[in-house]
Amino acid sequence: MRKAAAVPVLALLLVSGCSAATTEAEAKPPSPPASAAPSTEPVVEDTEEQSCLKLLGTDGQGPLNQMISIVRIGGGTSSVEMSAEDARPLHSEVLAIAGDASADMAPLLKELSSPTENVIMQAEKPSRAWMFNAESWTTAATKLQTRCEPYEAAS
């Protein structure tokens, strides 16, 4: 009798086990191909220290000080003492730092890059008006200097 009872139980286990596996397989959505799936990795922002160290560069010769040294503001006028060819890499470097920076630091970096952006745009279209807000730029540069001051010794 045990043999007679064991066969139906074994059959039931096999049937229910197979149907459970089928149900589990049907419940899982098919995974899309790896190349078609968008990246689900979170975007990692630089810390304030990392952004500041990039801005300060080595020996204080980073993009922050370069930007400050090329901008001339006074007497109601402003200018940038840099050619478009020289401005392009500096502009790109500051925008790259802005792209990795925290959400509160990125707008300051974009404003910091506005003088070089104007130089580049005027080189591409000489009739374009100089669109530089000296007050906004000065505020951004000052805030960045203040925020990065604690990290100057590490640069």
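**View 1. Ser102 in a loop of the predicted model.** At 14% relative accessibility, Ser102 counts as buried (under 20% relative accessible area, with exposed over 50% and partly exposed in between; 1.4 Å probe, protein chains only). Ser102 sits in the loop between H4 and H5 (helices, H or I, at least four residues, and strands, E, at least two, are DSSP runs numbered from the N terminus). Its side chain makes a polar contact with the side chain of Asp104 at 2.5 Å (a pair of N or O atoms within 3.5 Å; within protein, one must be able to donate a hydrogen and the other to accept it, and residues adjacent in sequence count only if both atoms are side-chain atoms). Leaving aside neighbours within four places in sequence, Ser102 contacts Glu45, Asp46 and Arg147 (heavy atoms within 4.5 Å).

View 2. Buried here are Ala84, Ala87, Leu90, His91, Val94, Ile97 and Ala98. Seen down the axis of H4, these residues fall within an arc of 140 degrees, so they line one face (the arc is that of the directions from the helix axis to the C-beta atoms). The face turned away carries exposed Glu85, Pro89 and Gly99. Cover for the buried residues of H4 includes H2 (48-56), H3 (63-70), H5 (106-112) and H6 (114-124).

**View 3. Helix H3.** Pro63, Leu64, Met67 and Ile70 are buried. They lie within an arc of 140 degrees seen down the axis of H3, so they line one face of the helix.

**Notes.** Residues are numbered from 1 along each chain as its sequence is written. The model is predicted: local features need pLDDT of at least 70, side-chain atom pairs count only at pLDDT 80 or more, and totals for chains, interfaces and linings use all residues, while side-chain values use heavy atoms, without hydrogens and water.
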